[in-house]
Amino acid sequence: MFEKVRNIVVDTLGCDMESVTMEARISEDLGADSLDAVELNLALEEALGAGVADDELVNMKTVGGIVKYLEAHA
């Protein structure tokens with residue numbers, strides 16, 4: 001699951017693949033703003049058939065948090 005999410009993050013945010021780790025913070029480390037976060041969630045939904053619930057999205061601080069959420073809700 002991490003590899004799929006990492007590829008979507010790289011494609012959506014335009015960041016380097018090496019910088020996308022489980023510990024990478026979406027805003028601080030990868031430079032995403034709130035609009036980027038929404039676009040990322042839409043890309044996850046399109047590619048994986050599942051995204052993060054809107055009320056949970058604000059709590060997702062790291063790539064690992066997104067991966068764990070998707071694994072638990074897939």
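The buried residues of helix 4 (residues 63–73) are Val 63, Gly 64, Ile 66, Val 67, Tyr 69 and Leu 70. Buried here means under 20% relative accessible area, exposed means over 50%, and partly exposed lies in between, with a 1.4 Å probe and protein chains only. Helices are DSSP runs of H or I with at least four residues, and strands are runs of E with at least two, numbered from the N terminus. The model is predicted, so local features need pLDDT of at least 70 and side-chain atom pairs count only at pLDDT 80 or more, whereas totals for chains, interfaces and linings use all residues. Residues are numbered from 1 along each chain as its sequence is written, and side-chain values use heavy atoms, with hydrogens and water left out.

A nonpolar core is a set of buried Ala, Val, Leu, Ile, Met, Phe, Trp, Tyr and Cys residues joined through side-chain atoms within 4.5 Å. The largest such core has 22 residues, and Val 5, Val 9, Val 20, Leu 30, Leu 44, Val 63 and Ile 66 are those with the most contacts inside it. Helix 1, helix 2 and helix 4 are the elements that give two or more residues to this core. Its largest share, 6 residues, comes from helix 1. Leu 30, one of the core residues with the most contacts, is in contact with Val 9, Leu 13, Cys 15, Ser 19, Val 20, Ala 24, Arg 25 and Val 63, its neighbours within four places in sequence being left aside.

Apart from residues up to four places away in sequence, Asn 41 touches Gly 51, Val 52, Asp 54 and Leu 57. Gly 51 sits in the loop between helix 2 (34–48) and helix 3 (54–57). Besides Asn 41, the residues in contact with Gly 51 from outside its four neighbouring places are Glu 45, Tyr 69 and Leu 70.

**Exposed and partly exposed residues**

Gly 14 is in the loop between helix 1 and helix 2 and counts as exposed because its relative accessibility is 62%. Glu 3 lies in helix 1 (residues 2–13), and with a relative accessible area of 45% Glu 3 is partly exposed.

A search of the whole structure finds 1 salt bridge, defined as a side-chain nitrogen of Lys or Arg within 4 Å of a carboxyl oxygen of Asp or Glu. It joins Asp 29 and Arg 25, whose closest N and O atoms are 3.0 Å apart. Asp 29 is partly exposed at 39% relative accessibility, and Arg 25 is partly exposed with a relative accessible area of 38%.

**Separations in sequence and space**

| Residue pair | Residues apart in sequence | C-alpha to C-alpha distance |
|---|---|---|
| Glu 3 and Thr 21 | 18 residues | 9.7 Å |
| Gly 14 and Ile 26 | 12 residues | 12 Å |
| Gly 51 and Ala 32 | 19 residues | 17 Å |
| Ile 66 and Met 22 | 44 residues | 8.9 Å |

**The largest pocket**

On a 1 Å grid over the protein atoms alone, a pocket is an open set of points where a 1.4 Å probe fits, with protein on both sides within 12 Å along at least five of seven lines, and lining residues have an atom within 4 Å of a point. The largest pocket holds about 220 Å³ of space, the volume being that filled by probe spheres set on grid points joined across faces, edges and corners. Its lining has 16 residues, of which Ile 26, Ser 27, Ala 37, Leu 57 and Met 60 lie nearest the centre. Helix 2 gives the largest share of the lining, 6 residues. By class, the lining has 10 nonpolar, 3 polar and 3 charged residues; Ala, Val, Leu, Ile, Met, Phe, Trp, Tyr, Cys and Pro count as nonpolar, Asp, Glu, Lys and Arg as charged, and the others, Gly among them, as polar.

Key:
Contact means heavy atoms within 4.5 Å.
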